[in-house]
Structures are given as structure tokens and as C-alpha cells.
Amino acid sequence: MNVMTAARSPLAPDAPPRPGLRERKKIKTREAIRGATYALVGEQGYDSTTIEQIAERAEVSPSTVFRYFPTKEDIVITDEYDEPLLAELAARPADEPWTDSVRYVIRKAVRLAMTEQPEITELRARLMLEVPAVRARMRETLTGIGRTLADAIAGRTGLDPDGLEVRVHAMSLIGGLLEATMYWAEHGHREDYADLADRAIDVIEHGLPAAKS
């Protein structure tokens with residue numbers, strides 16, 4: 001869900017290994033670049049924001065920006081939450097149904113994002129909706145994200161991470177959450193983001209609801 005903060009995420013399980021100094025510096029640099037990007041986009045729009053402007057605002061060189069983010073779109077669609085999310089999933093009780101674990105972790109992540117950085121969370125969703133380049137880059141990354149999630153599913157279920165069923169389930173979950181994000185942005189962020197994520201998981205778990213008569 002790529003839905004953040006440079007500090008250790010509260011999503012992580014208790015007593016996680018503290019990143020080394022080098023990794024902390026990398027996180028700090030990535031967050032400075034993201035912060036500069038969001039500020040500039042808020043001031044002048046996405047298309048008018050250049051890598052050179054981002055670098056100047058973040059007080060790094062353009063080559064440093066590209067070293068951390070291959071494209072401008074990657075600044076928008078990535079965050080520091082993937083590893084904490086996966087760690088939280090791995091730490092859930094072994095006898096808990098998989099979809100319950102996913103629901104718990106996603107809801108926790110969304111609540112955290114909306115509490116700590118609601119404007120940035122809304123901005124990122126809006127950019128995915130309105131900027132074709134951002135949306136296209138997001139879709140390009142889905143396969144890699146799906147494989148990572150498939151590994152997590154396999155770790156919990158004992159199934160083959162490359163098995164068709166696991167891959168379909170992983171991609172369905174990612175696609176569903178992406179559509180929930182787009183729906184949220186399309187409707188002006190009026191609905192509860194966590195509830196929309198829940199509804200997306202419900203469809204994956206139970207199928208389509210009955211049509212209203």
C-alpha cells in the first residue's frame with residue numbers, strides 16, 4: 001500500500017533491529033526528497049515540478065535524487081512502509097486467518113497514514129488518479145509488489161509462492177487496494193479510507209455482494 005515517516009514505523013513488531021547509521025542516513029535523504037517533492041507539487045503542480053527543483057529544495061544534487069529514485073514518479077509511489085508491513089504480517093498469530101491478518105495490518109497502516117500525514121496521503125492518491133505517468137509507473141511496479149506479497153503468503157500458508165493460486169490471490173489483493181485508493185480519490189476523499197480498504201478485502205474474500213433490489 002505504499003501508504004510515510006522516516007522514523008521507525010509503529011507498524012513494526014516489538015523490538016525490531018535498529019537500522020545502522022548508514023541506512024538511517026539513506027532514509028533521511030529519501031524523506032527529504034519526498035518532502036521537497038510534495039511541497040513543490042502542492043505549490044506549482046506535478047508537471048511543473050522538475051528534478052532540479054526537487055534537488056535544490058532537498059539540498060541534494062540531482063544525481064542524488066536519481067540515485068534514490070529512478071524516476072520522478074517513484075518519489076510519489078514509494079514510501080518506507082513495505083518492510084514494516086511485511087514484518088507486521090509475519091508477526092501476526094499463526095492460527096489467524098490470512099485475510100484477517102491482512103485486514104488488521106492494512107487498517108492499521110491506513111489509520112497511521114491518515115493520523116500522521118493526511119494531506120500527503122490524500123495528495124499521493126490524487127496524483128495516482130490524475131497524473132497518467134504516476135498511474136502508469138504504479139502499475140509497472142505491481143508485479144514486483146505482488147511477488148513480495150506472494151512470498152509473505154507462502155510463509156504463512158506453506159503454499160508455493162510461485163503457485164498460480166498464490167500469485168492470483170496476491171495480485172488480486174494489491175489490485176483491490178489500488179482500486180480502493182483510486183475510488184477514494186475519485187470521490188474527493190470523503191469516505192473513510194480504511195473502510196474502503198476493508199470493502200476491497202471483503203470482495204476478494206467473499207466475492208461480489210448481491211445486487212440491491
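1. Helices here are DSSP runs of H or I, at least four residues, numbered from the N terminus. The model is predicted: local features need pLDDT of at least 70, side-chain atom pairs count only at pLDDT 80 or more, and totals for chains, interfaces and linings use all residues. Residues are numbered from 1 along each chain as its sequence is written, and side-chain values use heavy atoms, with hydrogens and water left out.

2. H1 has 24 residues, and its end C-alpha atoms lie 35 Å apart. That agrees with the 34 Å it should span at 1.5 Å a residue; the expected span is 1.5 Å times one less than the number of residues. The buried residues of H1 (buried: under 20% relative accessible area, 1.4 Å probe, protein chains only) include Ile 27, Arg 30, Ile 33, Arg 34 and Val 41. As a set, the buried residues of H1 pack against helix H2 (51–58), helix H3 (62–68), H4 and H7.

3. Arg 30 sits in H1. Is Arg 30 buried or exposed? It is buried, at a relative accessible area of 15%. Leaving aside neighbours within four places in sequence, Arg 30 is in contact (heavy atoms within 4.5 Å) with Glu 23, Tyr 68, Phe 69 and Glu 80.

4. Helix H7 (residues 118–130) has 13 residues. It reaches 18 Å from first C-alpha to last, close to the 18 Å expected. Its buried residues are Thr 121, Leu 123, Arg 124, Ala 125, Leu 127 and Met 128. They pack against helix H1 (21–44), helix H4 (72–77), H6, helix H8 (132–157), H9 and H10.

5. The largest nonpolar core has 43 residues. Such a core is a set of buried Ala, Val, Leu, Ile, Met, Phe, Trp, Tyr and Cys residues joined through side-chain atoms within 4.5 Å. Residues with the most contacts inside this core include Trp 98, Leu 127 and Val 134. H9 gives the largest share of this core, ten residues. Apart from it lies another core of ten residues, among them Ile 51 and Phe 69.

6. Val 134 touches Tyr 46, Glu 73, Val 76, Ile 77, Leu 127 and Met 128, not counting residues up to four places away in sequence.

7. Which helices each supply at least two residues of the lining of the largest cavity? Helix H6 (98–116), helix H9 (164–186) and helix H10 (193–206) do. A cavity is a set of points on a 1 Å grid over the protein atoms alone where a 1.4 Å probe fits but cannot get out; lining residues have an atom within 4 Å of a point. Trp 98, His 169 and Glu 205 are among the lining residues.

Key:
On a 1 Å grid over the protein atoms alone, a cavity is a set of points where a 1.4 Å probe fits but cannot get out, and a pocket is an open set with protein on both sides within 12 Å along at least five of seven lines; lining residues have an atom within 4 Å of a point. Buried means under 20% relative accessible area, exposed over 50%, partly exposed in between (1.4 Å probe, protein chains only).
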